[in-house]
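Subject: Structure handover

Hello,

Here is the structure to go with your files. My notes on what was found follow below it.

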Amino acid sequence: CAKICVLISGNGSNLQAMIDAIGAGKLNARIVGVISNRPDAYGLERARQASIDAYCIDHTTFADRESFDHALQAQIDALAPDVVALAGYMRILTPAFVDHFSGKLLNIHPSLLPKYKGLHTHQRAIDNGDTEHGVSVHFVTPELDGGPVIIQSRVPVFEDDTAEELAQRVQEQERRIYPLVLHWYCSGRLTMNDNKAVLDNEILPLSGYA
Ligand code: GAR
């Protein structure tokens, strides 16, 4: 079955959703390694508890982004995954890294892309008076948060929402859609062609599918 490598920087609730989906038979894949750039990421503990190899490559010990990404790439290559899933991985990747894994690099971003690339997406949606917000899973290309979108899930924004409350609502959707996308990828149905995400013969994104 397909091999997944998961990159994290923090809590790892998306990682946990993948582990659970595999356990429930909804995702026919094996997580061959979890890599964090932060030693204190709780997701590393989640990996160990699931008997998955967990690695930390601490970015603060590298002179520059290129040398860090080079080490990261070497560790991933050693695991020989079919797909690399960024799951709350909070570092910008070099173009060389992204090109190396082109077509097999996925990311989850907490906004309805192309809205709110970058950080603090929930607060920005609130500040903007949006009544709707959400999350996107997309292929990673060298343009930050700009690669082809695979699926989006929408949530309402309520008048008195705090960024934390909104983030919670969005993350419930994250836990549903990321394992689904990985299931598609791992069963050979999802590809990136010509900078477009394609599921079976359909050009994505599909909205409201999940
Ligand atoms: C998730 O909400 C994910 O969408 C976001 O970080 C959180 C990680 O949660 N990702 C980004 O902001 C990427 N720029 P998790 O560690 O519990 O999966």
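Which helices and strands each supply at least two residues of the lining of the largest pocket? They are α1 (13-23), β5 (105-109), α5 (121-127) and α6. Helices (H or I, at least four residues) and strands (E, at least two) are DSSP runs, numbered from the N terminus.

This is a predicted model, in which local features need pLDDT of at least 70 and side-chain atom pairs count only at pLDDT 80 or more, while totals for chains, interfaces and linings use all residues. Residues are numbered from 1 along each chain as its sequence is written, and side-chain values use heavy atoms, with hydrogens and water left out.

Pocket

A pocket is an open set of points on a 1 Å grid over the protein atoms alone, where a 1.4 Å probe fits, with protein on both sides within 12 Å along at least five of seven lines; lining residues have an atom within 4 Å of a point. The largest pocket holds about 1000 Å³ of space, the volume being the space filled by probe spheres set on the points, which are joined across faces, edges and corners. Its lining has 38 residues, and Gly-88, Tyr-89, Met-90, Pro-110 and Leu-119 lie nearest the centre. Helix α6 gives the most to this lining, with five residues. By class, the lining has 15 nonpolar residues (Ala, Val, Leu, Ile, Met, Phe, Trp, Tyr, Cys and Pro), 18 polar (the others, Gly among them) and five charged (Asp, Glu, Lys and Arg).

Core

A nonpolar core is a set of buried Ala, Val, Leu, Ile, Met, Phe, Trp, Tyr and Cys residues joined through side-chain atoms within 4.5 Å; buried means under 20% relative accessible area (1.4 Å probe, protein chains only). The largest has 44 residues, of which Ile-4 and Ile-150 touch the most other members. Helix α6 (residues 163-186) gives the most to this core, with nine residues. Another core, of 18 residues, lies apart from it and includes Val-32 and Leu-93. Beyond four places in sequence, Ile-4 is in contact (heavy atoms within 4.5 Å) with residues including Leu-27, Val-83 and Leu-182.

Strands

Six of the seven residues of strand β1 (residues 2-8) are buried. Strands pair if DSSP finds at least two bridges between them; β1 runs parallel to β2 (residues 29-36), with seven bridges. Strands β8 (residues 190-193) and β9 (residues 196-199) run antiparallel, joined by four bridges. They form a hairpin with two residues between them, and Asp-194 in the turn has a positive phi of about 55 degrees.

Regards

Conventions. Buried means under 20% relative accessible area, exposed over 50%, partly exposed in between (1.4 Å probe, protein chains only).
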